[in-house]
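Subject: Handover of a structure and findings

Dear colleague,

Please find the structure below, together with its sequence. My findings follow directly after it.

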Amino acid sequence: VLLLLPSGVLYQTRPLWRNRFVQAVVCPPSRHSATLVYSLLNVVLGYDPAGILPYTSYVGASRERLVDLSLHVLLAMLDYSYCAPTEPIAVEGGGNSPTSANSTGSGHGSGGGAADPLPSPSHVHNVFWGVLQSLTSAADIDFCFKGFVTLLGNLLKADNTYLPSSQKLLGCHAEVLVLLWKLLEVNKVFRERVCKRLDVTQLVVPVVYILLRSCSDKSKSDIAQIVTIVLLSLSGEREFGVGLNRPFMDTLPTAELPPITGNHMDLLVIALHQCMVANKPWLRPLYESWLTTICNAAPYCKSLSLLSCTKLVSLFEVLSSPRALAKPGLGPRNIALVKLLLETFTCLIQYQYNGCLSLVYAILRSKTAFLNFAAAVSASHE
């Protein structure tokens, strides 16, 4: 019923449609909304689909159904934006926070907002957004981070088992990604702690794997877009680039990627290169965001493997070729991509020269492509 009542907007043509039921739940004053949000977050992020033994994850399908419905209810309430401007939302301590609800203590959720949240509490008129902003304690953030890592890592674990189909595959990865995106955007404290204090690579590996799986299927292009937004949001933090220097010791169960030896920056570069060279038309709008993510992390990358450097330079060769620059409608976009690659090369060589000698070697091997592009740029200005 909670999911049915806010779904009326699906059958409306107006962008803003007033739903009296949803407005009573999410618009202030609302006495029990905080408790509802904390309960939904506990159900979703406290779920671990992995079983104790192989094939035991298929036991308890009702819990998975509950998690799926809770996710949809939470996202439907967060998307409601018809609340009229009123007084700023102050999340009261009436509802238990995710961690306190799972413990025996009687602590309440944090009442203070995040530092410089997006958007600020004075402009938020949806109580659900206010609750997400109030998740600033270390225990709450760690609980949410662990839940996201567990749920998003389910796809990787299900595809990387010795026994066939011994791990049940969840069907709500897209919804979990949307919730992660909303939390990263609205809660700056959450984003900073994930990048600074926690191992952000635990989140990067499953997210990159989901991107690789979605790039080959046009019906999953929306998942690729959400993953791109998540990576772009994380790359805005300096500590995200620093965290990518951790050695990559895992293996991804996909034949699309070559064996990766190096750090997580190598994984990110090789995976995004693979998605770009697939040359899928529905992925072209994401190219600039992918290269922006790499460019944001480049100044903090201490080293790159020869394979990663070769992949980056090969992208430059393809995008800067006369044929690519002369394509109708794609020439200006390819020029913007080339500029991002050049900025990435500059950051890597300027700040991490000793660790990126392979990049210098790859550039010297392809000096003809750089000289031809420089000549084309000079000719265009004459």
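Leaving aside residues up to four places away in sequence, His173 touches Leu151, Leu152, Asn154, Leu155 and Ile210, where contact means heavy atoms within 4.5 Å. His173 belongs to helix 8, which covers residues 173–186; helices here are DSSP runs of H or I with at least four residues, numbered from the N terminus. With a relative accessibility of 9%, His173 counts as buried. The term buried stands for under 20% relative accessible area, exposed for over 50%, and partly exposed for values in between, using a 1.4 Å probe and protein chains only.

Please note that this is a predicted model, in which local features need pLDDT of at least 70 and side-chain atom pairs count only at pLDDT 80 or more, while totals for chains, interfaces and linings use all residues. Residues are numbered from 1 along each chain as its sequence is written, and side-chain values use heavy atoms, with hydrogens and water left out.

One of the contacts of His173, Ile210, also takes part in the meeting of helix 10 and helix 11. Val207, Ile210, Leu211 and Ser214 of helix 10 meet Ile223, Ala224, Val227 and Leu231 of helix 11. By class, this contact has seven nonpolar residues, one polar and no charged ones (Ala, Val, Leu, Ile, Met, Phe, Trp, Tyr, Cys and Pro count as nonpolar, Asp, Glu, Lys and Arg as charged, and the others, Gly among them, as polar).

The axes of helix 10 (residues 201–215) and helix 11 (residues 221–235) come within 9 Å and cross at roughly 150°. Axes are lines fitted to C-alpha atoms, for helices over the stretch in contact, with angles from 0 to 180 degrees between N-to-C directions. The two helices are therefore roughly antiparallel to each other, a term for angles over 145 degrees.

Helix 2 (residues 33–45) has 13 residues and reaches 18 Å from its first C-alpha to its last, close to the 18 Å expected at 1.5 Å a residue; the expected span is 1.5 Å times one less than the number of residues. Its buried residues include Val37, Tyr38, Leu40 and Leu41.

Asn279, in the loop between helix 13 (264–277) and helix 14 (287–297), has a positive phi of about 55° although it is not a glycine. Most residues other than glycine have a negative phi. Asn279 is partly exposed at 44% relative accessibility. Asn372, in helix 19 (residues 367–381), is partly exposed with a relative accessible area of 49%.

Yours sincerely

How values were computed
Angles under 35 degrees count as roughly parallel, over 145 as roughly antiparallel, 65 to 115 as roughly perpendicular and the rest as oblique.
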